[in-house]
Every structure is written in structure tokens, then in C-alpha cells.
Amino acid sequence: MRRVPSLAIALACGFAPVRAQPGPTAILDRINVTEQKPIEFHAAALPETVYVGQQATYQVAVLLSEAARARLRRNPEFLPPELRGVLAYELGSPTRVAPRSYGSAAYEAHVFQRAFFPVAAGSLDIPGPQLTYVLPQTSSYFSREERFVVRAESAQLVVRTLPADGRPSGFSGAVGVLRATTRLDPSLARVGDPLVITLRVEGIGNVKLLPRPALELSWASVVAGSERVEVDTTGPLVRGRKDFDWLLTPQQAGRVTIPAIAYAYFDPYRGEYAVTESSPMDIEVRTGTLATVTDGEASEMLALRSWQQRAVPTLRTQVKSWRWALLTLWVGAPLLLLATGRGWRRRGRVSAADAARTASREEAVPIGDAADDARRLRRVLLASLAERLAVSPQALVARRDAERVLRRRGVTRATTAELLSFLDVLAVRGFAAQGASLRPEATAVNGERAAATTRAGATSPSTTATMLLDRVNSEAVSDGNALPARHREADSRVIVGLLVVLSLGGIPMAMLSQPTESMAVQSAVDAYKTRQLLGAVEQFAVLVERHPQDVDLLANLGTAAWAAGDTVQAVIAWQRASRLDPLAGDLQERLALLPANARSGVAAVPMVPVGGLMIAATVVWVLGWLVVAWLRIPRTTPGPQGDIRAWRTVAVLAMLGACGMLYGAWDGYGQLDASTLAVVARPETMRVAPGTDANAMGGVATGDVVRIDERRSDWRRVRHADGRAGWVPAGRLVPLLDRFAAE
């Protein structure tokens, strides 16, 4: 076994690879033409014996005679052999060789090359390829064409296994002529901040099959990252480079060394093993954001948050607790207000026209005046009553119908009796001249009722009509489905009380009483101040398990865990606290201390006032419907139409604004939802499919926040904060909500 400093030095020293590989026209020296054919077709594999993973060049030569070249109208069709157990690459472009003599004929040669890399030892048979071409029978353009199919020789490739003698301990199957280099990005290292180290292996060989070497460091956690490959097939030998990334997270400050990474490979051209090494690197790791203090260490720590025994939880928790009450207000408010709005409406006096008609009877009309005046007054009174009671005048002509309508509209019995008596008197006086049909007993009864009405204070029929109409106006409601006037106030109190009860019904009973934890909290605070960090973390964790919605306890748990060096618990506690109270500035400052992958992307916490938006939207929604109900109340005097349109616009804008605020609250609530978030507990490689044999696509570090998109057995498909999506083992993830009681 030998050590190779670099590929350039190896090639400069006369390395055998280039000399051992056949030239691009080597097959032409092996062709033996026995028959004079218009097109000759031959194939060969060179060299005939190779090691596993070594390149063998497969060459195909097409020889065109001068006559065939002149008659050939289109390119021949080439059918390559079907191969198994090898990896193939097309090598460069076809090589054209000037005509040379083979026997008594001259042929122009076209050589095509492929690189074969066998993956298993043994004898490999390569079937002969097939060439199909068409030639016209004569030189005429319209001559019929004749199709020919020729097949080249088959080839055999002997694949030898790699020798066991001299095999280094770190050898993992790399074959070729290689060299290794390393680079570090970024060059500035801090404790807790991940950095990427890249090992580049380049040289001659099938770089796609190069395995990843092992890397272990005592001063940092190491996670395998992504791999990148570049292959160059323009020359006679396949070459390229492959980059291996690792994610390093320094865990201690000071000057440290990244040792030389040794990469063992087998040189098939020399038939021996070799090792290439990268150069070691010394770096300075500075004190970073990852807390490294231990119990009793005298270093500055973050201040704890003042704990308050909250009688009312955070706004976001209130919204979740009151969700049924808020839903009731959003749905029930318009239904209740519209359903009961008619009961709150009362008509004013009949109208200005009716009042004028009634007032026109200022002169006294004593009983016994002209019959036409009595009939005219009776018509005016019936028309006014019909408009006030929302019925047709014909419904009031019959005494029984008029009594039923008045009673159904809420008019008292006394007022109804007096009004009907007065109408009877007017009917008697108006139609007495034609009253041959009137019965004497009816006239006597009506006379008695008229005398009673006069004794009640009426001085003239017009005054009596106005008085009775005023009483009907004050007692009657708008329609028969409404409640009587004396029940309207009680009805409104019941409705308002119902809305209040529904709203308060969503308040959880846990808000009414909260157990006192002052002594336990003070004990945890004292442990933190005396730098008994592990004890402080344990005590705060117990308190959080009992009160998972307490923002102060969650924030203090994260602070204690951060000081004790528990990044995972600190990320979980601070993330949960900030999502419960997204407007808290001190919590946003705590999140800024975390690594980027624990506070950005899917881990970002938007500062959205979810609770405030939800409550404001509900208030504006109810106010908008109150305006709608108020607009449905008829006015005693008609107002300007512009005012009504303005209030309608206000109601519509209020409802649209409420819907907008509701959408903003809903969107913010979804962004603050942590039910699918998890924190990486240990470094792990992210893969393109579930399983350790799947290709790697980078790594995840301790404390990274990911979103779980899919679950499959013991694997989880996650979306990383940097946008990558892949699979990691479920055992490496800690759910953000399952660690404590869920909301």
C-alpha cells in the first residue's frame, strides 16, 4: 500500500493509467477483412481483463467503402448490446479515420466508444451489436432500396476480484486513481452554530460509486450531509469528482483541529492499494449561542420572566376556550336580531296625511248633524285604522271582523269596545236617513254607547275619533305575530340576556379558579439564581406539565434549559410560549438566540394578534347587525334618504371588515398551530425515501424545527426550515406539543 499526495504528482511521475488504456482507434488494428462488403461492422472490448470497478472500453467500428459512401442516403441504425452487471458511459464523440486499405479495398472508418465499469467479478459475455443500413440497387434516384442487417463480433470480458493482500482497514470499495481535499464553510466557528465541512475526492474512475468515508470528531457532533457528483466523459478515461458534506456543530470553545481525512482506494493500473489524505485544518471555535454553563459556573445568564398567577389566560387561549360562544355570536346574532326585529318595531301615528284629514274636522259636528258628514268621518277613521293595523278597510266593515283584528294587534278590550261603539254611532247617523232597514233595538243600543262615549269627555265626533285613534296607535303592534306592547321591554331583556349567557358559557371553569403555585415557582427561581440549573429545569418542567398554557412558566423553562445546555428543551419551551403569546417582545428576543433552523422557515412565529382580531371581528359583526335591525324600525316621520343609505353603507362595511379580521385571525391561528411541528433531538441524515439504504440529501442538527408531512412506520417525512423535504427516523424527533399537554 502506498500513499499518494495528489493526482497531479501521480500523473507527472508517469502513472500507468493513460498508457494502459487503449487508444480511440485501437480496434482498427485488430480488424481482419476477408470479404469485400460495402460496409464492415466490428466490435471489441479493451482490455479484455479488468478488476471490479475498473474501466473497460468497448469500441465499435463501422467501415464504409467508397461505393457505399456514395450510395448511402441516410445514416445506418445502430442497436447496442444488452448488458447486465455493468455501468456504461458514452465516451466523447465518434472518431472519423481517413480511408485506409484493408486487403484490396479502401475503407473509411468511424469508431464509437463506450466505457464499461463491471460491478461483480466473473466472466462477462458481451453480445454482438447490430447495424442496419439501406442501399439503393442502382445509382438512379428512383431506384429501389435494399435493406441489410449485419452483426459484429461478440466480446468477452474477464472481471477479477480485488486482491486481499495489502487491503487497508479503511478501504470501502473505491477503485481508480484519486486524491482528496477538504474545505470548511464558513471559516468562522462558534459554539452551537453549525458549519459545513466538505471532502472532495477527484480523479480517474467511476466517481458515482465512490463511498463516503467515516468522520468522527471529539469536539463536535457530526451529521452526514449531501453528496454532489460531476462526471467528465470527454476523454478516453472517465474522470470526475465527488463532494461529501458533513454538518459539524461545535460543542466546546477553543482551538481545535480537523484531522486529515484518509481515503483508501485500489489503483487498478498498478494493481495495488493506495491512500490519499486531505490536509489537516486548525480552527478557532469561539463562544457562541449554545449555552455551555454548568451548575455553579460563574457566567452571565438570561433573566427569568416575572411570574404572575393569571386569572385570565392569553388571548389565543381564550379564543380556543370561547370558540363555541364566538361561533354562537357569529351565527346567532343575525338570526336572533332579524327574528325579533319585528317585535321591536312599532308604527308611529298613522301618517301625516291621515293626521291632516283628522285635524280638518276641527269644527264640532254634534250628534244629529248631516248624515254625509258622519259617513265621511267614518270613512276617514276606517282608512286610518286600516293603514295602522296593516289590513284592508274591508276587513273592518263587519263588527266581528273589526273586533278580531283589533284584539290580535294588541288593542285592549276597553279601547276596542269604545271604538266599535263609536263606529256604530257613525254608521247609524250616516245611514239613518236610509235607515228603514235599521232595527230600533240596534239604534237604542248604539245611542246608549254614544252617550257613554260623550260622557267620557268627547265634545265632537272628530275629537272622539282623534282620541280613539291615538289610543289605538299607542296600544297596537305592527302585526299579529308580534308581542303586545307591555311585553316588548321584557322580550328585549330576554334576548340580550340570552346572548350574554351564550357568550359567558364558553369560559372554561378552569379560569374561575387556579391553584396557587407561588411557593413552587419561587423554589424553581431560587434554584436558577443559585445556578442549580438541572434542578431548576426539573422544577419548571413539573410546573409546566401542570399548567401547559402558562406563558411565564414556559418562558422560564426555556431560559433554564438554555442555561443548562439543553437546546432541545429550550427550543420547545420558547416556541410554545411564543405561539401562545405571539406579541410578547421578550419571547421574540429569546427566539433570536436560537440557531436559524430553530426560528425561521416552518419554525417562524408571526406576531399576529389572533385573540384581539377574533374579538374585534365579533364585536364589529354584532354591531353591524344591530345597525341592520335599527334600520328596520319604521320612523314616525320620514327622514332623508341619504341618511338611510349612509347607515346601510356603514352596516355593509362593518360586516366586510369583520369578515376580513376573521380571515386574518384564522390565518394567524393556522400559522401559530404547532400540532405538526417537531424538534430534532439528535443529528441525523435526511434521506429521499424511508430507509437507511436510501440516498442522503443533507442532514438535520440538534434543535432544528421541522414540520411532519407524512408518517410511515418508524419514519417521518419532514419539511426542514431551509425548505428541504425528506425522511428521518421517528426516534430522532420530539413533537412540539406532545412533550407537554396539548392545547
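# Strands, a helix and a pocket in a predicted model

Strand E19 (residues 262-267) is mostly covered, with five of its six residues buried. Buried means under 20% relative accessible area, exposed means over 50%, and partly exposed lies in between (1.4 Å probe, protein chains only). Helices (H or I, at least four residues) and strands (E, at least two) are DSSP runs, numbered from the N terminus.

This is a predicted model: local features need pLDDT of at least 70, side-chain atom pairs count only at pLDDT 80 or more, and totals for chains, interfaces and linings use all residues. Residues are numbered from 1 along each chain as its sequence is written, and side-chain values use heavy atoms, with hydrogens and water left out.

## The whole chain

The chain has 743 residues, and 45% of them are buried. Its secondary structure comes to 19 helices and 28 strands. Take the contacts (heavy atoms within 4.5 Å) with a separation of 6 or more: residues 24 or more positions apart account for 71% of them.

## Paired strands

Strands of a sheet pair through backbone hydrogen bonds, either parallel or antiparallel. Here two strands pair if DSSP finds at least two bridges between them.

Start with E19 and E20. Ala262 has Glu277 in E20 as its bridge partner. The two strands form a hairpin with four residues between them, and Gly271 takes a positive phi near 70° there.

Why is strand E17 (residues 239-250) described as largely enclosed by the rest of the structure? Because 10 of its 12 residues are buried. Leu195 stands opposite Leu248 in E17, while Val223 stands opposite Leu247 in E17. E16 and E17 also make a hairpin, with six residues between them.

Next comes an open sheet of three strands. Their order is E14-E21-E18, and the pairing is mixed. Strand E14 (189-190) and strand E18 (254-258) are the edge strands, each pairing on one side only. Ala189 has Val285 in E21 as its bridge partner.

## Helix H11

Helix H11 (residues 461-475) has 15 residues. From its first C-alpha to its last it reaches 21 Å, close to the 21 Å expected at 1.5 Å a residue. That expected span is 1.5 Å times one less than the number of residues. Which residues of H11 are buried? They are Pro461, Ser462, Thr464, Ala465, Leu468, Leu469, Val472, Asn473 and Glu475. An α-helix has 3.6 residues a turn, so residues three or four places apart point the same way.

## The second largest pocket

A pocket is an open set of points on a 1 Å grid over the protein atoms alone, where a 1.4 Å probe fits, with protein on both sides within 12 Å along at least five of seven lines; lining residues have an atom within 4 Å of a point. The second largest pocket holds about 380 Å³ of space. Its volume is the space filled by probe spheres set on the points, which are joined across faces, edges and corners.

The lining has 18 residues, and Val62, Pro76, Phe78, His110 and Phe112 lie nearest the centre. Strand E4 (56-65) and strand E8 (105-118) each supply at least two lining residues. E8 gives the largest share, five residues. By type, the lining divides into 13 nonpolar, three polar and two charged residues. Ala, Val, Leu, Ile, Met, Phe, Trp, Tyr, Cys and Pro count as nonpolar, Asp, Glu, Lys and Arg as charged, and the others, Gly among them, as polar.
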